[in-house]
Amino acid sequence: VMMSMIQNAFANSSSSLIQSKVAGNIIFVLLAPLTAFEFLLAFVLAALVRALLVGLGVYLAAQLFVPVPIHNAGYVVLFAALASLALGALGVIAGIWADKFDQLAGFQNFIILPLSFLSGVFYSIHSLPDFWLTLSHFNPFFYMIDGFRYGFLAADVSPVLSLAVVALFLAVLTALALWLVARGYKIRN
């Protein structure tokens with residue numbers, strides 16, 4: 001569920017921006033009397049809505065095959081929202097940076113996908129050798145997925161630690177995305 005959510009959150013904001021840049025209609029968005037924060041908020045909230053709808057759909061479809069009860073709905077919703085917002089902000093960064101669809105696909109294939117697969121999405125990180133176990137603790141996607149997993153089953157690390165790491169990751173990505181939008185980097189040319 002979380003893997004499809006983070007991939008869709010990223011895809012929503014990044015593809016919307018790159019399509020507007022390639023088609024040349026980004027100028028119409030930039031002409032609107034929006035602040036950089038409002039511009040960013042629109043893309044990130046749209047990514048959040050798409051991710052939550054996809055996540056709900058995946059969860060409901062999975063329930064038909066493997067019923068998985070939710071043990072702590074608060075953590076499920078909190079981590080779903082924070083992770084989706086973070087990947088929405090990362091999508092804005094990638095959409096601003098990329099000049100072509102190929103660059104955006106490279107970003108997704110070489111950054112988003114490996115980080116999500118190497119985050120313990122299909123396994124507990126405690127089954128990894130020591131080197132990879134230590135390396136996993138530097139992957140913010142691990143904390144998104146582990147905190148989300150805590151709402152269903154159990155977690156490999158404290159949910160409070162996961163919450164702190166994901167909140168910090170979201171703050172850093174939001175600040176960077178806001179700075180890029182405010183500067184007009186690659187979108188005002």
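Let me start with S162, which touches F79, Y143, D146, G147 and V157, leaving out residues up to four places away in sequence. Contact here means heavy atoms within 4.5 Å. S162 sits in helix α8. Helices are DSSP runs of H or I of at least four residues, strands are runs of E of at least two, and both are numbered from the N terminus. S162 is buried, at a relative accessible area of 0%. Buried means under 20% relative accessible area, exposed means over 50%, and partly exposed is in between, with a 1.4 Å probe and protein chains only.

A word on the source. This is a predicted model, in which local features need pLDDT of at least 70 and side-chain atom pairs count only at pLDDT 80 or more, while totals for chains, interfaces and linings use all residues. Residues are numbered from 1 along each chain as its sequence is written, and side-chain values use heavy atoms, with hydrogens and water left out.

Staying in α8, the next residue is V165. V165 is partly exposed, with a relative accessible area of 23%. Apart from neighbours within four places in sequence, V165 is in contact with P140 and Y143. The C-alpha atoms of V165 and L31 are 36 Å apart, and the two residues are 134 residues apart along the chain.

Now helix α7. How many of its 11 residues are buried? The count is 10, for a helix that runs over residues 140-150, so α7 is largely enclosed by the rest of the structure. The buried ones are P140, F141, F142, Y143, M144, I145, D146, G147, F148 and R149. What covers them? The cover includes α1 (2-23), α4 (73-97), α5 (101-117), α6 (130-136) and α8 (159-183). At the start of α7, a side-chain oxygen of N139 comes to within 2.9 Å of the backbone nitrogen of F141. That is a polar contact, a pair of N or O atoms within 3.5 Å; within protein, one must be able to donate a hydrogen and the other to accept it, and residues adjacent in sequence count only if both atoms are side-chain atoms.

On to α6, where S136 lies. Is S136 buried or exposed? S136 is buried, with a relative accessible area of 5%. A polar atom of its side chain lies 2.8 Å from the backbone oxygen of W132. S136 also touches L118, I125, L128 and F142, again not counting residues up to four places away in sequence.

L128 belongs to the loop between α5 and α6. L128 is partly exposed, at 21% relative accessible area. With residues up to four places away set aside, L128 touches Y123, L133 and S136.

Next, the core. A nonpolar core is a set of buried Ala, Val, Leu, Ile, Met, Phe, Trp, Tyr and Cys residues joined through side-chain atoms within 4.5 Å. The largest one has 55 residues, and F10, F39, L87, V92 and M144 have the most contacts inside it. At least two residues of this core come from each of α1, α2 (26-31), α3, α4, α5, α7 and α8. The largest share, 14 residues, comes from α4. As for V92, it touches S13, L17, L40, F43, V44, A177 and V181, not counting residues up to four places away in sequence.

A pocket is an open set of points on a 1 Å grid over the protein atoms alone, where a 1.4 Å probe fits, with protein on both sides within 12 Å along at least five of seven lines; lining residues have an atom within 4 Å of a point. The largest pocket holds about 410 Å³ of space. Its lining has 15 residues, and the closest to its centre are V1, M2, V121, F148 and F152. The elements giving two or more residues to that lining are α1, α3 (36-63) and α7.

The second largest pocket holds about 190 Å³. Of its 13 lining residues, L52, G55, L56, V76 and A80 lie nearest its centre. α3 gives the most to this lining, with five residues. For both volumes, grid points are joined across faces, edges and corners, and the volume is the space filled by probe spheres set on the points.

Last, K186, in the segment after α8. K186 has a positive phi of about 60 degrees although it is not a glycine. At 25% relative accessibility, K186 is partly exposed.
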